[in-house]
Amino acid sequence: MGIIGVPADWPADEEAARDVQRRLRGRLVLDEEGPAPGEGHVTGLDVAYDDERDLVAAAAVVLDARTLEPVGSATAVGRVSFPYVPGLLAFREIPTVLAALDALTVDPGLLVCDGYGLAHPRRFGLAAHLGVLTGRAAIGVAKNPFTFSYEQPGPDRGDFAPLLADGEEVGRALRTRGGVKPVFVSVGHRISLDNACAHALALSPRFRVPETTRHADALCRRALAEARAAE
DNA sequence: GCGACAG
DNA sequence: ATCTTGTCGC
């Protein structure tokens, strides 16, 4: 498989990208409960970069939601399609992530993204964007609070505190391990916030970061290293 | 106006 | 994200 290119109609600048977000946001579905935790498949998505060589590698790893064992995976390597701009992260990752998703031979089930969904300046982060483009249920689990502030959740696993924006709960700081910094969960598409948090917790029985993200992270790094070696 | 800011 | 070894601890 070769290196995928940047779509011809890709936004040329930040203003065009923000317009795309505002337009796609109208297709978000936010009144569904979403898939039940522990059933079917969950797919972790992540990317690794080599800005020097203008490469981005994406991985999609499908887990059995009950056992958390991998049942399928795929990778794709592409050209970097956008600079990193806070609030426009999706444009950097999406073409290559979609290529990896397309290469899967099993049903992805719920998409678990490394970043935010509705917790975003225009309520349209990576997980929401990917959800709309694929039509699938999607959540975002981020390791950093982005621009949002939050009250410290309680100390135990499962404790959480809201991420607020304009008095609205756009996500949650969720403790997946007792006494360890929380992760930041938000809805992407076709799922409720309660259910998104239930999934995040079910996917993190042992470590702070969900198993989906850990698998995808390891795989995209491997794919990037191979792409480098291939020149 | 300036800095901060998911990955 | 990325530059990066060993090391402390469960």
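**View 1. Asp46, a buried residue of the predicted model.** Asp46 has a relative accessible area of 7%, where buried means under 20%, exposed over 50% and partly exposed in between, with a 1.4 Å probe and protein chains only. Asp46 belongs to strand S2, residues 41-50 (strands, E, have at least two residues and helices, H or I, at least four; both are DSSP runs numbered from the N terminus). Beyond residues up to four places away in sequence, Asp46 touches Ala57, Ala58, Ala59, Asp114, Ala216, Asp217 and Cys220 (contact: heavy atoms within 4.5 Å).

**View 2. Asp114 in its loop.** The loop holding Asp114 runs between strand S5 (110-113) and helix H3 (126-134). Asp114 is buried, with a relative accessible area of 15%. The side chains of Asp114 and Lys143 are joined by a polar contact of 2.8 Å (a pair of N or O atoms within 3.5 Å; within protein, one must be able to donate a hydrogen and the other to accept it, and residues adjacent in sequence count only if both atoms are side-chain atoms).

**View 3. The annotated binding site.** The "binding site" annotation of the unreviewed UniProt entry covers Asp46 and Asp114; such annotations may be inferred rather than shown by experiment, and positions follow the numbering used here, with feature names shortened.

**Notes.** Residues are numbered from 1 along each chain as its sequence is written, with chains lettered from A and ligands numbered from 1 in the order in which they are written. In this predicted model, local features need pLDDT of at least 70, side-chain atom pairs count only at pLDDT 80 or more, and totals for chains, interfaces and linings use all residues, while side-chain values use heavy atoms, leaving out hydrogens and water.
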